[in-house]
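Reader: I am new to reading protein structures. Could we go through this one together, please?

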Amino acid sequence: MGFMDLAQGVTLTELGSSSRARASLQWGGTIAALFLLLMNRTGRRSHMQTNLLVLYLFTSFPTALFKILRGQFGCWVACLAVGANLFYPKTFPVARFILFVITPAWLANGLREGIAAGVYCLIIGVLVIITEIRGIGGFRNCECNLHSFSYCLGVAFLFFFTVLYLCS
């Protein structure tokens, strides 16, 4: 981050804003996606939305935590999850967690680095909205209650952190 970066035309302030935008996508997007997973679990359960949100988490999960899940700890948790799935298949959906552990490194890094991560998260956000609208039966059957408002707020934060990352 010294002379070589400045010689290539990249200033230190550009590097700082880019890393801050990535950190906001990682932490803010992860919290929003986890909130939406919780709302999905407590309200109308949609397996498609759960799968989409897990893919969003795969892309936006903070790097430090992602490395822990991809390491030895993640392998042990995946092994325990497979064992729990044998006895309680409806309680422990294993396939979603194993995605973090067994995805090849080139694919994981490709989806998590650069502009591809932001575009991928944006596409997943749009798909989450489409599945929610289809799940409630369209705009005419939309209920105005606390659960719906909270879900819309979570989706708005999901888009906010993704667009913040793309605009940096």
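Author: Let us begin with one residue. Ile115 lies in helix α8 (residues 114-136); helices here are DSSP runs of H or I with at least four residues, numbered from the N terminus. This is a predicted model, in which local features need pLDDT of at least 70 and side-chain atom pairs count only at pLDDT 80 or more, while totals for chains, interfaces and linings use all residues. Residues are numbered from 1 along each chain as its sequence is written, and side-chain values use heavy atoms, with hydrogens and water left out.

Reader: Is Ile115 buried or exposed?

Author: Ile115 counts as exposed because its relative accessibility is 54%. Buried means under 20% relative accessible area, exposed over 50%, and partly exposed in between, with a 1.4 Å probe and protein chains only.

Reader: What is Ile115 in contact with, leaving aside its neighbours within four places in sequence?

Author: Ile115 is then in contact with Tyr165 and Leu166, where contact means heavy atoms within 4.5 Å. Ile115 and Leu166 are 51 residues apart along the chain, and their C-alpha atoms are separated by 6.9 Å.

Reader: Now Ser60, please. Is Ser60 buried or exposed?

Author: Ser60, in helix α3, is buried, with a relative accessible area of 0%. Leaving aside neighbours within four places in sequence, Ser60 is in contact with Leu25, Gln26, Gly29, Thr30, Arg112 and Cys121.

Reader: Which residues of α3 and α7 meet?

Author: Phe58, Thr59 and Ser60 in α3 meet Ala108, Leu111 and Arg112 in α7.

Reader: At what angle do the axes of α3 and α7 cross?

Author: The axes of α3 (residues 47-60) and α7 (residues 105-112) cross at roughly 85° and come within 8 Å. Axes are lines fitted to C-alpha atoms, for helices over the stretch in contact, and angles run from 0 to 180 degrees between N-to-C directions.

Reader: Let us change topic. Which residues of α5 are buried?

Author: The buried residues of α5 are Gly74, Ala78, Ala81 and Ala84. Seen down the axis of α5, they fall within an arc of 125°, so they line one face of the helix; the arc is that of the directions from the helix axis to the C-beta atoms.

Reader: What do they pack against?

Author: The buried residues of α5 pack against α4 (63-70) and α6 (94-102).

Reader: And which exposed residues does the face of α5 turned away from its buried side carry?

Author: That face carries Gln72, Trp76, Leu80, Leu86 and Phe87.

Notes:
Helices (H or I, at least four residues) and strands (E, at least two) are DSSP runs, numbered from the N terminus.
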